[in-house]
Each structure stands twice: as C-alpha cells, then as structure tokens.
Amino acid sequence: MDAILLQILNGIDKGSAYALIALGLTLIFGTLGVVNFAHGALFMIGAFVAVTIGKVLDISKITIDPEKVDFLGNPAKIRTPYVTDWFGDFGLWMIEWSVLVSVIVAIPVMILIGIIMERGLIRYFYNRPHADQILVTFGLAIVLQNIIKAIFGANPIPQSAPELLQGSVDFGVLVGMAENAVIYPLWRLVYFLFSMVLIGGVFAFLRFTTFGMVVRAGMADRQTVGLLGINIDKRFTIMFGVAAAVAGLAGVMYTPISPPNYPMGMDFLVLSFVVVVVGGMGSLPGAVLAGFLLGILESFASMPLIKDAIAAIGLPSIDQIIIYLVAVIVLLVRPRGLMGKAGMMED
Amino acid sequence: MTLMRDRTLLIIFALFVLAAPLIFAPTGAAYPDLLQRFAIYGIFAIGFNILFGLTGYLSFGHAAFLGIGSYSAVWMFKLLTMNIVPALLLSVLLAGLFSLLIGYVSLRRSGIYFSILTLALAQMSYNLAYSVLTPLTNGETGLQLRLDDPRILDAAGAVGTLPSTNLFGLEMKAVFWNPTIFGYDLQFNWGYYVTAAMLILSFWISIRIFRSPFGMMLRAVKTNQTRLNYTGINSRPYTLAAFVISGMFAGLAGGLLASMDPLAGAERMQWTVGGEVVLMVVLGGMGTLIGPILGAVFIKYFENIFSKINDTVLQGWFSFMPGWLDDFFVTIVSPFVGRGWGLTLGALFMIVVIFLPGGLVYGAKRIGSLLTGAKRREAKVEAM
C-alpha cells in the first residue's frame with residue numbers, strides 16, 4: 001500500500017509539469033489551431049526567469065571590515081546584497097523566497113513574451129500549412145534555446161527552494177499510515193499543489209468569466225463569434241499569453257527540483273506532445289488528466305516490483321519507454337485520444 | 001526532353017562530386033573527413049526529401065534509422081569482416097525493416113499526428129538504445145570495435161592493432177593521391193570516393209523516383225490526399241513505400257558514417273539529429289532534386305567554418321575599423337559564431353521558412369530570373 005502511494009507521489013511532480021505544459025499546448029492548439037514546437041522553450045525561459053531573479057537579488061555590495069581578517073590575513077570582505085541594504089528584513093525575505101518573487105515577476109514577463117511571439121511571428125502562419133507552422137516554431141525553439149545558452153552557458157544552474165520548504169515530509173503519517181513509510185520531498189508536494197491551483201485557475205478563468213466564455217465560444221466556432229462583432233483574434237492572442245505564462249510558471253517552480261539548463265525545454269516538449277496526443281488534441285481536461293496519468297505510469301513502470309513482474313514473463317524492462325508505448329497504443333486504438341472530441345484532427 | 005535534361009544534370013552532378021576535393025580546396029573544406037560528411041548527410045537528406053518533399057509527410061524520427069544503420073554496420077565489422085559491403089547491406093536492410101515497422105504504425109495518421117508519432121517513436125528507440133538494448137548498443141559508451149572481436153571472415157591482422165574499414169582491401173582512411181595543384185595541398189582518399197559513388201547512386205535513384213509514376217502518385221498525396229482517396233486509390237502503400245525508401249537511405253547514411261569511423265552511439269538517434277535533416281531539406285529546398293544536397297553541404301560547411309571563428313578571429317576581421325566600432329561589431333557578431341552556431345542556424349532556418357518557403361534553390365531561381373529579366377518578360381507576355 002505504502003509502496004503504491006509512494007509511486008503515485010513520485011509520479012505526480014513530473015506529471016504536474018507535463019500537465020501544465022500540455023495544458024498550454026492544448027490552449028494554443030484549441031484557440032489558434034497552431035502546434036507550438038516552441039512551447040518547451042517557454043517552459044525553459046520560465047526556469048531562467050527564476051535564475052535571473054535569483055542572480056539579481058544576490059547582487060551585493062562588498063565592504064571591507066578592517067576589524068576582522070580572513071584566513072589569509074587580508075581584511076575580511078563582507079557581502080551585503082543591495083536588497084537587504086534597501087529593504088532590511090524584507091530584503092532578506094525576498095532572497096530566501098526568491099522562487100516566489102520569480103513567480104510574481106514571471107507572470108507579466110511570460111504573458112508579454114507570449115503576446116510578442118504570437119503577434120510577431122505566429123499570426124503570419126495561420127494560413128500556411130501545418131508543416132510550416134511546425135517548422136517555424138521548431139526554428140524559434142532552436143533560436144530561443146541558443147540565446148539562453150549564450151547568456152547563461154551550457155551547464156545546469158542549481159536553484160534552491162526556500163529553507164522552510166526544503167527537506168521532506170512524512171506523508172504516510174498525514175494519511176494515517178505508519179511513520180517513515182512514505183517520506184516525500186516537501187517541495188514536490190508544493191509543486192503539485194501549485195500546479196493544481198494553476199490548472200484550477202485556468203479552468204475557472206475559462207468557465208466563470210465573460211472573457212473565458214467568449215474564448216470558449218471562439219474555440220467552438222470562431223467564425224460565428226467573429227460575425228457577432230467580437231474581436232476574437234485579440235482574445236486568442238491574450239490566451240496565447242496565458243498559455244505561455246502557464247508554461248513559464250511550471251518552469252519557475254521546477255527549478256528547485258532539477259537545475260535548469262538550456263535543453264530542458266525540448267526534453268519536456270517531446271513528452272508533452274505525447275501527453276497532448278494521449279489526452280486528446282484540443283481537450284483541456286484530457287491534457288491535464290493524461291499528464292498526471294502518464295507521470296504516474298512512468299513512475300510505476302520503474303517500481304522494482306513491477307520490473308520483476310515484467311522480467312518474470314520474459315519481457316525487457318519498459319520503464320524508459322512506457323510513455324511512448326502508451327501513446328502508440330492509444331493512437332492506434334483510439335486515435336482521438338482519451339477525451340478528444342470526435343472528428344478533431346482525426347485524419 | 002526531360003530525359004536528356006536529367007542525364008545532363010546527373011553527369012554534371014557526378015563530375016562536380018568527383019572533383020569536389022579540387023573544387024572545395026579554395027574554401028578550406030577539402031579535407032576528406034568533412035567531404036565525407038557532406039556526401040553522407042547529402043544521402044540522408046536525399047532520402048528524407050523523397051518522403052517529405054514529395055508526400056509532405058513531416059517526419060521527425062529519421063534519426064532512428066541513421067542510428068540503426070550505424071549500429072548494424074558496426075556489428076558487421078565486429079562479427080563478420082571489416083569489408084564495408086556486408087555492413088552497408090545490413091544497414092540498409094535493417095533500417096528498411098525498422099522503417100517498415102515504424103512507418104506502418106505512424107502512417108495510420110497524417111498531418112501533425114504523423115509528426116508527433118514519428119517523434120515519439122524515434123525518442124522511444126533512442127531510450128531503448130540507451131537502456132534496455134545495452135547488450136546490443138553498449139549504452140552510453142557507444143558501440144566500438146575491440147581487439148577480441150571474432151571477425152570470422154578476416155585473416156588475423158597484426159597483433160594489438162584494430163583493423164580499419166576497407167572495401168576489398170582499399171582502406172577507407174588511405175589517401176591514394178596527394179598532389180599539389182594550384183598551390184593547394186590536396187588529399188584524395190578512398191573513403192570519400194566510396195561515399196561519393198553512393199551519393200551519385202542515390203541522386204540517380206532520386207531522379208528516377210521523381211520522374212516515375214510512383215513519384216507522381218507521391219506528389220498527388222501531397223497536393224490533395226482526400227481527392228486521391230475519393231478517386232478510389234489507397235494512398236497508404238505509396239506513402240509507406242516512400243517512408244521505407246527514405247528510411248533505407250537513412251540507414252545507408254548511418255552505415256557509411258560507421259564505415260568512415262567505426263563507432264556508433266545512441267546520440268545519433270536523438271530526435272534533434274532528425275530535426276537537423278529537416279533543416280537541411282527545408283533550407284536547400286524541399287521537393288527539388290538538388291536542394292537537399294545543397295542544404296546538407298550548406299549546413300555542414302558553415303557548421304564547420306562558423307564553429308572555428310572565435311573573438312580573436314573576429315578582431316582580425318574588423319581591425320580596419322576604429323577601436324570602438326571594432327569592439328561593437330565583435331560584440332554583435334560573436335554570439336552567432338563559435339559555439340553560437342546553433343543560433344545562426346536556427347535564425348537562418350526561420351528566415352528561410354518565413355520568407356523563402358522554397359529554400360535556397362527557389363531563392364537562386366528568383367535571383368536568376370531577376371538578373372536575366374525573365375520575370376519582366378513573362379509579365380509582359382501576360383500583359384499582352
């Protein structure tokens with residue numbers, strides 16, 4: 001029981017990232033009908049927003065303290081970050097919680113990047129074949145990736161979670177099991193909760209606001225909404241910004257889990273595509289569901305018990321390829337995906 | 001008429017390829033290693049063009065076949081003989097089989113779904129090569145020749161040295177002619193001429209396919225598949241055949257890569273490699289005969305040149321300018337060269353996709369017609 005719970009928990013942090021990226025991909029595909037190969041790059045840019053904020057907050061003034069000497073006998077240098085100089089305790093708090101600051105900064109930045117991307121490039125491709133859309137966003141992904149590489153270098157840059165949220169939580173006790181049965185890193189739990197809030201927020205935004213209603217109407221029938229005198233293009237552009245922000249925030253919060261480096265976006269992108277396809281192209285709940293399902297499935301396939309069972313019936317281990325295998329099977333058996341609408345891109 | 005023109009094209013192409021060590025000498029790219037890469041990636045791109053250029057099916061998974069070709073070639077070198085003929089045969093055969101399998105699965109869908117499926121399947125093969133298939137692929141280290149390999153057909157060579165790949169005794173690495181022409185120190189080696197022969201053969205096959213009824217059918221798939229289906233033609237056998245052919249070309253390219261340098265690693269199967277061949281074909285001009293080769297040479301050449309340029313070289317270039325302007329230009333240009341080659345490639349690719357969907361070949365045609373005024377004449381005719 002506890003082993004199963006542990007595997008589910010292990011699966012959900014990756015699953016959350018898949019779900020968030022897939023949600024953004026589906027939003028863009030559902031509204032604008034474009035397959036965005038640069039979406040992984042947005043995830044990566046979000047992560048590097050966090051890196052930048054961390055660095056900016058850490059810019060320090062160096063003062064020399066003549067009283068103390070360091071071990072070489074030189075006067076000791078004391079680094080005081082400017083933010084603590086300016087804001088005192090609040091500055092310290094900001095450095096400690098730089099991830100949170102990054103989240104706040106990332107929202108407008110990512111929305112802006114998304115809108116620039118759509119207005120500057122992607123809108124010229126609505127009337128071109130899908131292959132051209134894939135190619136140009138693929139090129140954009142390469143460019144963005146290399147810009148990040150040129151600025152931040154090729155090595156992963158570790159980021160730390162706030163001290164309060166480092167360490168682990170004894171999850172088993174929370175659900176009434178024995179102590180030390182299910183130990184789980186606290187930050188991953190935070191990541192999961194954060195993604196749930198974000199997903200809930202996007203759904204609520206689409207469901208309960210007038211803006212969201214218009215967007216949903218536009219997804220269902222763009223032309224009619226346009227005929228009613230509503231500027232649907234403008235709203236779709238904003239939705240692109242929202243999708244970019246979702247991917248970016250997923251990236252920001254992922255930095256303490258794995259240190260960001262420039263190819264991370266591409267790695268997640270391939271898997272997110274698979275997630276979107278399994279969930280059903282154009283279905284938002286499908287994307288979220290498939291994200292978590294595949295994340296958990298991946299973690300179950302790497303469970304020793306399952307590995308032994310698979311080895312016992314003479315098959316090689318499949319934990320590395322389970323997601324792709326599932327995608328192939330789903331596409332062949334149920335082409336429209338788990339929750340896809342009939343007829344949606346089914347050719 | 002077209003037959004004559006094709007024959008002339010093939011002959012000119014063959015002459016150009018055979019004289020490449022001489023032609024590329026002034027550009028500093030005439031060393032065998034790079035020329036071989038030109039030819040091998042040219043073959044890869046020619047094959048990919050038969051699928052993407054003719055049918056419009058955009059596959060991101062062809063790196064898998066390149067990798068399979070390399071692995072099977074190295075296994076032949078390990079088990080059978082260092083002669084490249086059986087190795088290449090097995091590469092083509094195995095890559096063909098795998099592409100039949102992958103093509104059968106992924107061609108059940110079209111459009112975006114096809115791209116994503118091939119991407120997923122290629123990534124799956126890559127992960128397999130890294131993990132489960134380690135006994136076959138040697139995992140992260142990559143498959144290499146060893147001294148204690150059986151090589152049952154070969155006579156025992158000198159003790160303690162690895163044998164090198166050959167074609168009936170002609171060693172791939174051996175330089176058979178080393179003249180100095182026009183002050184350039186030229187190297188003619190067997191490896192390049194083997195790949196060149198393969199390239200010419202591939203080009204010929206590609207011409208034949210382009211002109212055949214089969215090629216016509218593939219173009220019909222690209223133009224309007226629905227209409228084709230309504231005329232009662234099942235297009236899938238044709239697209240599957242195109243997929244397998246392009247997979248076999250990729251396998252041949254992989255086998256040749258291993259023949260030039262007998263090792264194979266899983267990174268050759270990563271989907272970014274498959275993305276690179278897409279770049280080559282689109283950059284050169286998809287659906288044209290010469291475009292893919294042009295794209296392959298272009299990318300590999302500039303990759304080689306650009307990665308060598310560093311800030312010192314740039315300072316030399318801009319040294320005629322006043323100091324501050326010099327620094328300014330160096331700062332502007334330096335992210336695009338050296339290790340920033342990827343940035344240039346990506347930007348160039350985007351520009352081509354946005355402004356020049358027909359690729360370099362189309363661009364050259366446009367410039368050509370501008371120069372000769374053909375367009376104006378055409379316009380005049382239309383106006384009359």
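Start by selecting A:P260 and its contacts: A:M44, A:A47, A:F48, A:V51, A:P156, A:I157 and A:T255, leaving out residues up to four places away in sequence. Keep in mind that this is a predicted model.

Now show the backbone around A:P260. The residue sits in a loop of chain A, between helix 11 (232-254) and helix 12 (264-279). Is A:P260 buried or exposed? A:P260 is buried, because 26 other C-beta atoms lie within 10 Å and the cut-off for buried is 20 or more.

Pick A:V51 next. In sequence, A:V51 and A:P260 are 209 residues apart. In space, their C-alpha atoms are 8.2 Å apart.

Move on to the largest nonpolar core. It holds 211 residues. Select A:L23, A:V246, A:V274, B:I43, B:F44 and B:A253, the residues with the most contacts inside this core. Then colour helix 11 of chain A, which supplies the largest share of the core, 15 residues.

Stay with B:F44. Which residues does B:F44 contact, neighbours within four places in sequence aside? Select B:L66, B:F249, B:A250, B:A253 and B:V277.

Last stop: the contact between the chains. Chain B brings 36 residues to it and chain A brings 31. On the chain B side, select helix 6 (111-130), helix 11 (271-284) and helix 15 (341-355), the elements that give two or more residues. Helix 6 of chain B gives the most, with 13 residues. Colour the chain B side by class: 23 residues are nonpolar, 11 are polar and 2 are charged.

How values were computed: Residues are numbered from 1 along each chain as its sequence is written. Chains are lettered from A and ligands numbered from 1 in the order in which they are written. This is a predicted model: local features need pLDDT of at least 70, side-chain atom pairs count only at pLDDT 80 or more; totals for chains, interfaces and linings use all residues. Helices (H or I, at least four residues) and strands (E, at least two) are DSSP runs, numbered from the N terminus. A residue is buried if 20 or more other C-beta atoms lie within 10 Å of its own, exposed if 12 or fewer, and partly exposed in between; C-beta atoms are placed from the backbone. Two residues are in contact if their C-beta atoms, placed from the backbone, lie within 7 Å. A nonpolar core is a set of buried Ala, Val, Leu, Ile, Met, Phe, Trp, Tyr and Cys residues joined through C-beta atoms within 7 Å. Ala, Val, Leu, Ile, Met, Phe, Trp, Tyr, Cys and Pro count as nonpolar, Asp, Glu, Lys and Arg as charged, and the others, Gly among them, as polar.
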